[in-house]
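Here is a brief report on the structure shown below. Headings mark the topics.

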Amino acid sequence: MNVSGMLYGAKLLKIVDFPVSEVLGPEASEHDIHNMIERCGSVFVKPIFRGGIGKKGKSGLIGRASDLKSALAEKERLYFAEYKVGGVMYKSQGVTFEGAVPAEHEIYFSISDSTRYRAPVMTLTHHGGMDIEELDKTQIIEVPFDPLTGLKSFIISNALSDLGAPREIVSPLVQHLPKLWDLFHHYGMSTMELNPIRMMEGKSGSLIPVACDFKCGFDRDDPRVNRLNLPVDLFVTEANDFEQEINELRTYQGQSDVYVINEKGTILAPTFGGGANSLVTEVLGNDAIISSDFGGNPPYEKMYEVMRICLKYYLKQSNVLFIIGGKANNTDIFVTFRAMADALRDYFSEHGPTPLYVVIGRGGPNVIRGMGVFKDVLDALRIPYKIFGFDSAMTDVVNFAQEADHWMKSGGRAEVAKVLGLPADA
Amino acid sequence: MRKPGIDNFKYFVGTRSLADIATREDRICVLNITGNESRAVTPVSHAYSGGNIVFGTSPGRRGQVVETPIGNIPVYNNVREGMEAGHKFNVGVVYLPPSAVRDGVAELIRINPDVEKVIILTEKTSVHDAREIRALGQQRGVDIFGANCLGVADSWTHVRIGGALGGDKPEETLRKGSIAIYSNSGNFTTTIANYLSIGGWGTTTLISSGKDVYINYATPEFAYGMANDARTKAAVMYCEPGGYYEEAVTFEKPVVACVVGRWKANLTRAVGHAGAIAGSGDDARAKEGWFMKKFGVTDLFTPENPVCSKLGAVVTNISHIPLALTAVMKLNGVKQDFPSEGNLELKPWFGDDQGLKLPPALNIPVVKALSPYDEQIAELSKHVGAIFPRQSMKDCSGSSVMDPKTQVTKVNNISILDTAKQPLESNLCMALVRELNDANDNVLFNIAVAARVNLHGEAMLAAADAAREAGNAPNTAISAAVALLGPKRVDGARNAADTLVELFAHSGLLTGDDEKAKITPATATPEQLATLLGKTPDAQAEAMLKAFDKRGAKSVFVRYLRSLKGHPTTDAVIAALTTTIAWEPLIRKRISKLTVRNLPWYTHLFSAIIGAAAEGKHHQPGKFCGISNEEMLESWTTTQLAYLSLLGERPTEASLFPFQVMLGLIISNGVGTISAQGCKGAVSADGPESPERVQINKGMIGFLTHTGFAHGGNGFEGIQFLIESFSKTPLTDASVSNHGLDLRAMATEFAVAFNKEKKAGKALGLPVRNIPGVNHPVFKGHPVNKDPREVYIADLFAERGEKNIFHDYYRTLVQALYDNGVTNNVFCVNIDAIIAAMLLKLLWSRYRKGEFSESSMEMAAFTAFLFGRMAGCAGEIDDHINRGRNMDTRTPASQCNHVS
């Protein structure tokens with residue numbers, strides 16, 4: 001759940017009265033753009049990528065224009081720009097026009113939680129406007145502070161003294177930067193970065209910090225985010241339909257975390273426990289369709305729904321249904337397995353059979369009753385299967401599931417189809 | 001005031017040694033002790049630890065207790081009350097929901113200055129709250145574990161605090177030994193302990209740290225505690241990517257570090273553990289590097305390449321932990337704690353290749369599970385049928401569910417739009433055996449119902465007639481009859497069903513109608529035979545068997561009865577018929593043995609309800625409503641019998657279909673309906689935990705008495721409205737398309753008049769009357785509104801080319817109401833309108849001829865509802881008997897209101 005850019009950044013910063021550069025959205029009229037150029041001298045044209053995507057400037061994805069014609073040309077160039085980060089291709093959904101802010105000083109400011117200090121930390125430098133990684137460590141300061149009292153003016157003041165910052169920027173920053181803690185802490189943010197904050201000369205000659213770019217991440221477990229009334233589809237591109245549907249079941253009782261690894265994978269692996277999730281994701285790699293954690297003792301209804309959705313989206317393409325977890329502490333295996341087995345049975349009733357090999361590995365409370373329920377359903381559906389106890393190494397069970405997938409790919413699927421009375425290419 | 005901490009740390013740490021993490025002296029207070037997770041885990045922890053929980057809190061539940069095997073734990077509204085009652089504690093355990101965790105921690109440490117440790121189990125605590133919790137703990141000098149952890153345990157002292165480490169049998173996994181475990185994963189804490197014990201290593205202290213962004217008891221504290229714990233000779237650490245907790249730690253004792261999550265670098269957000277998402281410098285590879293540097297090794301440890309030093313080893317596969325530990329400890333001259341207990345090779349406990357030829361890697365034989373699981377598997381294989389876990393079934397059903405968006409109910413996952421296409425006999429069975437009948441099942445069930453629908457000479461009929469004469473509605477009259485069909489009347493058939501199940505349970509029989517199956521039932525004992533055979537021929541049984549042959553039915557159990565060469569009783573034949581239908585779902589564990597045992601009772605009740613709905617004069621010796629018993633047995637369906645009872649005439653194919661659709665549509669409207677609540681309350685009051693004591697006939701009375709003129713009888717309002725609209729027309733047949741009526745003109749006339757009435761009423765402040773069958777609280781607000789159930793039925797009849805003028809009128813009317821400004825948009829025609837239209841169409845010509853009065857019409861509409869709904873309610877009754885707890889439908893006094 002990330003937001004980047006000034007389109008929403010400006011709206012968020014205004015909540016705490018932090019000065020921001022002028023910004024127009026993709027719907028801006030030529031008249032508005034022209035006026036902005038008149039007022040500010042020039043405008044930056046930036047593509048709108050949903051999510052927290054950085055380093056756009058380096059990739060030539062920021063345009064600057066001093067006249068309307070150039071601004072519109074940049075708009076045309078960047079409106080549907082594409083940008084690859086890691087393995088993911090992001091597509092722009094319009095552009096923003098941001099009024100240029102003349103300034104001598106550019107500030108970098110961020111707040112995040114540090115696992116080194118186990119406290120929130122402020123990172124600050126007056127050599128902003130560039131990648132912070134490129135600066136010398138002496139030019140940056142990182143200060144942990146107490147979340148119960150918050151980011152106070154004296155912390156900023158001390159930090160700027162330690163940095164040896166020019167005296168003219170100290171007072172305005174000491175006045176304005178503490179406001180950002182209120183925005184960060186009271187609206188469910190987990191990270192916030194302003195780079196650059198440009199120190200613009202005000203009417204009285206004193207400097208005003210003006211945020212010219214904004215990035216933040218939200219904590220999806222924090223209901224305070226709802227206070228911002230952000231549009232519901234702002235984060236949608238980060239999840240596909242399947243993840244979206246599962247996320248709707250996200251309650252504190254029982255996990256329902258999923259991440260689609262490979263839409264074309266062939267092993268559907270509902271996984272129980274954060275540890276098992278790491279291990280299974282590690283070993284299966286791209287063979288897995290999803291990475292998931294459904295542990296935490298989910299009740300029957302939730303488990304049934306989670307499984308129903310998993311099957312609805314991905315069973316047809318799956319060679320192996322692989323249900324895996326360690327020796328559960330408090331997850332009732334009978335309840336969770338009954339729910340999953342019922343969902344599988346209902347899927348077969350509704351959509352007809354599909355060739356499948358089932359591999360299960362699990363331990364925990366009521367494990368035999370749970371395995372027994374699954375066994376009965378698999379027998380009734382005539383699906384080949386192996387169910388392992390917790391005395392089999394979990395990684396070997398994962399390898400076994402992969403082996404089953406290989407066999408299914410090399411003719412096994414057709415053989416299972418035959419047993420189920422289906423055509424060989426089912 | 002902050003307590004003094006250990007000097008070695010710049011921040012507060014209070015626990016000096018791992019031996020002090022979970023001690024016999026610790027006394028515990030559990031917040032939200034009655035929450036779902038705590039209710040299951042806390043009693044096990046308490047008993048395992050010798051009773052270390054002094055009290056728990058749950059606002060509004062003061063005075064309650066949490067039962068444990070070694071005594072009850074008292075519950076208070078809050079920590080202050082518990083302390084005022086004299087309890088003292090030094091450890092707080094938090095099971096609160098995420099939004100309450102921070103406040104819970106504040107309550108613990110501000111109310112009780114003696115708190116030393118707080119353990120937070122809750123997942124999904126926001127980072128905002130985690131920040132403040134960390135600061136609170138530091139400010140007050142309290143060691144915090146978690147959040148999102150599974151607590152701590154000590155295998156030496158037999159103490160576990162907080163979560164469920166070791167599961168429901170901690171002693172099985174928490175074996176005393178010399179290895180401490182620190183794990184980011186709660187599940188892996190137990191799994192690693194389990195793997196270690198298989199490899200010959202026991203444990204000292206086990207810590208599930210949690211893996212949120214904030215880890216309060218982290219690696220540096222663990223390393224320090226380990227150094228000061230004489231019992232601990234080495235540690236196993238399980239770490240995931242994200243966070244710098246492990247970077248600058250120095251260990252004084254050997255450690256096997258398992259770092260899992262290289263692949264996670266491809267993910268852009270955390271799955272499962274919120275903190276397991278890395279930046280550039282704290283991913284899995286970086287962490288592997290930190291540990292390798294500490295241990296002075298250059299590579300990961302694998303069985304093929306066992307790289308390790310005296311200081312430790314790094315693995316990326318948890319299965320390699322025991323081997324790596326043994327190798328590291330060998331370099332330190334330390335032997336295993338006890339001999340290895342097996343290995344971690346693949347051992348399938350269950351498996352079936354379905355006759356496929358699998359490659360050798362997959363063709364691993366099923367092995368006997370380790371004890372005590374092998375005995376459990378043996379027991380499981382002996383058991384026939386499903387066992388449902390018991391729980392409170394108040395407002396809860398395993399039988400029906402209504403989709404709040406579409407208002408379409410599903411019974412056993414079958415939509416009422418599909419049950420509308422099924423005959424009544426199939427729906428009645430489906431509600432109980434959870435699957436629709438095939439043709440043979442229908443035949444068997446029809447025989448069983450037809451055998452008892454004629455109540456001539458039965459006290460039940462006299463009771464129903466007497467109730468009718470006293471002015472009661474059909475539901476009350478039928479209840480009088482049903483009251484007489486108590487358990488003693490059906491014990492014979494129930495015992496016969498038990499006998500059949502016992503004899504065939506392990507025969508390998510998969511379907512009840514597979515007469516060609518080569519199976520051998522167990523040999524019946526004389527007692528079992530007595531439940532099936534009588535001393536003299538039983539005329540009713542013989543008539544049923546004759547009908548069975550005539551209809552060409554199949555049943556392994558009927559064949560078995562005949563093979564006994566005695567005189568099968570009526571009870572035995574009924575049991576054979578119903579058990580045949582139930583056999584496949586029983587063997588596949590969809591239903592319980594209890595349901596199969598009670599199926600003859602339900603069947604008898606259905607017969608009685610259909611029979612008693614017709615007045616006494618229609619029950620004659622050998623005849624019901626003019627149809628001979630023999631004919632009913634040999635050729636009638638249950639749907640036809642219901643039609644006959646209700647309308648007193650033989651149905652035609654054309655008249656039966658809409659009747660069947662109507663009954664199928666109303667079998668259930670979800671567990672919240674009054675009728676479902678009534679029958680469930682009756683079961684709950686008898687106590688389903690002793691299922692033999694539940695009077696199923698009383699459950700049916702609960703359903704019947706929870707219907708009435710408002711619930712069940714309201715279909716008549718629609719009929720009344722239609723009669724008003726059509727009484728002045730010359731209409732004689734509602735199924736013809738050339739009826740000659742101008743429905744649009746009629747609807748417009750009504751709409752205009754209604755508008756006037758509405759306006760006049762408004763001026764006087766009178767309430768506006770509703771038009772029955774129009775509008776729905778869910779299907780509204782669009783320019784044109786449709787009840788999907790109505791649309792479905794309209795399409796169904798259109799497909800068959802069947803007309804219903806009343807239904808057409810309703811559709812015309814909602815448009816006319818809009819066109820004439822009565823409604824703001826086009827209201828939907830609802831399901832009540834459909835029922836009224838279908839029933840009135842069946843009765844219209846007889847009504848016109850004066851053969852059917854308006855009051856009989858009202859009774860018929862009500863009774864039709866009972867016939868349909870008895871299926872859904874039978875399902876609810878059976879479901880509640882199988883899953884419910886005694887008195888579980890009661891509402892706590894705290895949730896009841898008083899008005900004066």
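Strand β1 (residues 28-31) and strand β5 (residues 91-94) of chain B run parallel, joined by four bridges. Across this pair, B:Leu31 stands opposite B:Val94 in β5(B). The model is predicted.

Both strands belong to an open sheet of seven strands in chain B, ordered β3-β4-β2-β1-β5-β6-β7. Its pairing is mixed. At the edges stand β3 (65-66) and β7 (143-145) of chain B. Each has a single partner strand, so one side of each is left without a neighbour in the sheet.

## Helix α8 of chain B

Helix α8 (residues 284-295) of chain B has 12 residues. From first C-alpha to last it reaches 17 Å, close to the 16 Å expected at 1.5 Å a residue.

Its buried residues are B:Ala284, B:Lys287, B:Glu288, B:Phe291, B:Met292, B:Lys294 and B:Phe295. Down the axis of α8(B), they fall within an arc of 160°, so they line one face of the helix. They pack against β12 (234-239), β13 (255-259) and β14 (312-315) of chain B. B:Gly296 follows α8(B), with a positive phi near 70°.

## Where chain B touches chain A

Contacts link 85 residues of chain B with 82 residues of chain A. Elements giving two or more residues to the chain B side include α1 (36-48), α3 (98-111) and α10 (373-382) of chain B. α6(B) gives the most, with seven residues. By class, the chain B side has 40 nonpolar, 27 polar and 18 charged residues.

Strands also pair between the chains: β20 (residues 385-388) of chain A and β15(B) are antiparallel over four bridges. There, A:Lys386 stands opposite B:Gly351 in β15(B).

Key
Residues numbered from 1 in each chain as written. Chains lettered and ligands numbered in written order. Predicted model: local features only at pLDDT ≥ 70, side-chain atom pairs only at ≥ 80, totals over all residues. Pairing = 2+ DSSP bridges. Expected span 1.5 Å × (residues − 1). Buried ≥ 20, exposed ≤ 12 C-beta atoms within 10 Å, placed from the backbone. Arc of directions from axis to C-beta. Contact = placed C-beta atoms within 7 Å. Nonpolar A, V, L, I, M, F, W, Y, C, P; charged D, E, K, R; others polar.
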